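Student: I have a model open and would like to talk through a few of its features. Could you take me through them one at a time?

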Amino acid sequence: MTIEDVDKNFVFHPFTNAREHADHGPLTIVKGQGSTLTDTRGKEYLDAMAGLWCVNIGYGNAEMAESLREQTLKLPYYHTFASMGNEPVAQLAQRLIAMAPGEMSKVFFGNSGSDANDTQVKLVWYYNNVLGRPQKKKIISRSRGYHGVTIMSAGLCGLPGMHAGFDLPLPMIKHVRAPHSLWEQKPGETEAQFVQGLADELEQTILREGPHTVAAFIAEPIQCAGGVIVPPASYFPAIQEVLRRYEVLLIADEVVTGFGRTGEEFGSNVYGIQPDLMTVAKGITSAYVPLSAVIVSDHVWNVVLEGSEKFGLFSHGYTYTAHPLAAAAALTNLDIIERDGLRHQAKARGDHLAERLRAEFAGHPLVGEIRGYGLLGAVEFVKSKDPMTAFDPTGKVSTAVVKRSRELGVITRALPASDTISFSPPFVVTDGEIDRMAALTRQALDDVAADLKLL
């Protein structure tokens, strides 16, 4: 029995069609080095997605391995309930507060971006209960947003596939449009008018629901899984003006955009976002060990302090909250990124990625848009460009391109709710590797177009 047979027989895979997997089995990866992965047959693949937007320092980093070994021998685990602490967690929290934008105060640690966003919702509800506002509990998110897979975070997602079959979203979650100009901006509408329309929609939603019931707005600086949607520069200033008017907290979901992916420390730095709460994960450890964090502003923390007098214990947390091994991994990861100039390298590689995607895909009759920021890129496929018309059903072409790309030795990703493929390689990727990623993916598109007779 092969390892693929064992997998088919026993592993329940996330985000996988169960029937197709039962028929065909997995692609099993056994080794990673830099930006290259190797499967059980010895075939190599360029990982254009850094796993799931997360292996920023690349695979097989020896310094990270040694750091994990040292911490394992020193203190592999201890909890942080009931005022218990450990050294790497305290050091990491201090470092995150120093890095974060705005006036931040405390860090609450978890295991994934999903549980961190659930923590955000509980914290927002707690905050308003302390302030005597028991009805102020609704959370506004955006279409095409991605915030995780736990019950609340999956509901916050603005992707219909995240809700199908799960009785989601829960009724206290509302959605507004994404700043996706390709499909949302009206013909003849200026960018300023487009942004004002989105801000007006948010305000009208708050007023319709009742400002006394709307607690928070959650947003990724760049909507990654929803299509690498890059907002206009004036978008977040307009949105924040509305939120302040109605005392609605802003949660910045920096799970993908944190720690250098945009060329800045955080996506919030790019767009002038002043969050009340921030969610980070993925790049905090380059995914070598699971870790997430909720970064809490001064004014929210001060309310939490008041809550201890009213409710006693803050009765929330996980067995693995503030895990010392994960904190040690994060500290080493941030050291590597800073010492080796990887944030600046990500910006330079991102510029090269954008150039190569334009060179390979611009002008192609099936390409509606090429977009990105920093070391994030996307190509969206359309049935026609005049008028701009999406494929129906959505996702068939992008899925086929990803499959063919993998056969050619490049791993990209088809994004839900659109015919879009994404690029988010490790920061250590070379220009030559980016050239191959772009060229082979273009070949994949041409092969799919011919096979499906799209042209």
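Predicted model: local features only at pLDDT ≥ 70, side-chain atom pairs only at ≥ 80, totals over all residues.

Student: Which residues of α4 meet α13?

Tutor: From α4 they are E63, M64, S67, L68, Q71 and T72, which meet P324, L325, A328, A329, T332, N333, I336 and R339 in α13. Sorted by class, the contact of α4 with α13 has seven nonpolar, five polar and two charged residues.

Student: Switching to strands, what is the order in the open sheet of four?

Tutor: The order is β1-β2-β3-β15, and the pairing in this open sheet is mixed. Strands β1 (29-33) and β15 (410-411) stand at the edges with a single partner strand each, so one side of each is left without a neighbour in the sheet.

Student: And how many bridges join β2 to β3?

Tutor: Three bridges join β2 (residues 36-39) to β3 (residues 44-47), and these two strands run antiparallel; within that pairing, T38 stands opposite E44 in β3.

Student: New topic: how many aromatic pairs are found in the whole structure?

Tutor: A search of the whole structure finds seven aromatic pairs. One of them is formed by Y126 and F314, which are edge-to-face, with 5.0 Å centre to centre and 80° between the planes.

Student: Where do Y126 and F314 lie?

Tutor: Y126 lies in helix α6 (residues 113-130), whereas F314 lies in the loop between α12 (298-311) and α13, so the pair ties together parts that are 188 residues apart in sequence.

Student: What about backbone geometry, say where a cis peptide bond joins L168 and its partner?

Tutor: That cis bond joins L168 and P169, with omega about 0°, and P169 is found in the loop between α7 (151-156) and β6 (173-176). Another cis peptide bond joins D392 and P393, with omega about 10°, and P393 is found in the loop between β14 (388-389) and α15 (396-408).

Student: Why flag S286 as well?

Tutor: S286 has a positive phi of about 55° although it is not a glycine, and S286 lies in the loop between β9 (277-280) and β10 (292-297). As background, most residues other than glycine have a negative phi, and most peptide bonds are trans.

Note on methods. Residues numbered from 1 in each chain as written. Heavy atoms only, no water. Pairing = 2+ DSSP bridges. Contact = heavy atoms within 4.5 Å. Nonpolar A, V, L, I, M, F, W, Y, C, P; charged D, E, K, R; others polar. Phe/Tyr/Trp six-rings, centres within 6.5 Å; stacked < 30°, edge-to-face > 60°.
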